[in-house]
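Here are some notes for a colleague meeting this structure for the first time.

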Amino acid sequence: MEGESMLGREEVMALIASQLVAYGYADVGQEVAARAELPETGESSSRLEELVTLGLRSEEQGARQSGADTRAGSESGIDLSGEGHSLAQAPQYSVWYKTKHKGAATAAAFSSDGRYIATGSADASLKLIEVDRVRSPAAGSARREDKPVIRTLYHHDAEVTGLAFHPNGLVLASCSADRSIKLFDLSVAYGKHSFQSFRDNYAYRSIAFHPSGDYLVAGGDSCEVRLYNVRTGKAYLLGAGDSPDLACHSAAVTRVCYSTDGALIASASGDGAIKLWSGVSGKCMRTIDRAHAAKPVTGVVFSRCSKYVLSTGLDSHVRLWDVASGNPVQTYESAALDSPGPQAMFSYDDALVMVPDCRSNKIVSWDTVTGTLVARNADHKQQITWIAASPTMPALMTCSVDECVRFWCSDTA
């Protein structure tokens, strides 16, 4: 590429030789090194595999984004008219893979292309999982070199409370009860520590990147919603110029998220309100008070078309709101939601609304349009703390106080 230095022949051959050794072909690797007249170090390294993966990801990023933009422009999203609607059929999810942290698993997130999952824990660590390495139970055990967990990251001093991938897939952000947000460069081979951090006087609970990746919104034990310029590190308060009744929440912020186009930011709070903010000016555009019968609102997420917001509350209801009017348009019942941890999510195609039941430890699924209960999936024996849905396929990641994270997938995926 113009303006960038290319690897020399000797460097490429060294990468090939060390990758062969890492794959278990030590004799072949030594033969390649000898023929290329390289020093016979016999080093084992997967650096070539990582570089190829990152290169392919970067090459395909534009195509994926173009496809996503095309879908967003051509699909009407959730149609609540009910005309011609067929009841959504919940996929037959089964657990394809699980791994453990050394403390309660507390957070999970998919990358925007669905190829990677990050999980966080009360033990302050993060794990990075490559979805392509997760195998169907019918495929048998994976080889050691194909294990799904490709990296473990450290740099927090307390529980990890939220995760977000940068849109380019090369940076992972995490927030923590240690009052910090950390940014990790995933393109650095074997890197385990962050390269940038933001700090506050309060614990962070939720973070989200703007679709451009230039800004990061954050909420936590403060009643304020903060916006960080990722490049400069400068912080802003949303609603700083608004009147007091519009400016900020009156209790801790439990969740924040961006709309797909970045035009809006939604925040949920223990004060029972949902706020919609301009993603451009930072001003409060709408406040939905008593969204869950004055109970704390524990989750909020936009639909793919950005016309609706899905909220979770301690009144054990999940509600769908029309962004334009601020009115509720659907309610989902029959799940116990009396714990502040899990929040409801849309499936990858917005056809289903899913949430962990705090008492039965099952994943409850409803038809988004009709609110009809369609499935209850179970595997966890202890409370589920987090659920994340893949943006590209019928798959989920769940976290639990049993220290396990589980990857669920449809057998037809």
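1. The protein holds four helices and 28 strands, where helices (H or I, at least four residues) and strands (E, at least two) are DSSP runs numbered from the N terminus. This is a predicted model, in which local features need pLDDT of at least 70 and side-chain atom pairs count only at pLDDT 80 or more, while totals for chains, interfaces and linings use all residues. Residues are numbered from 1 along each chain as its sequence is written, and side-chain values use heavy atoms, with hydrogens and water left out.

2. Of the 413 residues in the protein, 51% are buried, a term that means under 20% relative accessible area, computed with a 1.4 Å probe and protein chains only. Among contacts (heavy atoms within 4.5 Å) between residues at least 6 apart in sequence, 50% join residues at least 24 apart.

3. Strand S18, residues 297–302, is largely enclosed by the rest of the structure, because six of its six residues are buried. Its partner is strand S19, residues 308–313, and the two pair in the antiparallel sense over five bridges, pairing being assigned if DSSP finds at least two bridges between two strands. Within this pair, Phe-302 stands opposite Val-309 in S19.

4. S18 and S19 form a hairpin with five residues between them, and Ser-306 in the turn has a positive phi of about 65°. Ser-303 also lies in the loop between these strands, and Ser-303 is buried, with a relative accessible area of 1%. Leaving aside residues up to four places away in sequence, Ser-303 touches Ile-78, Thr-260, Tyr-308, Phe-346 and Asp-350.

Key: Buried < 20%, exposed > 50% of the residue type's maximum accessible area, 1.4 Å probe, protein only.
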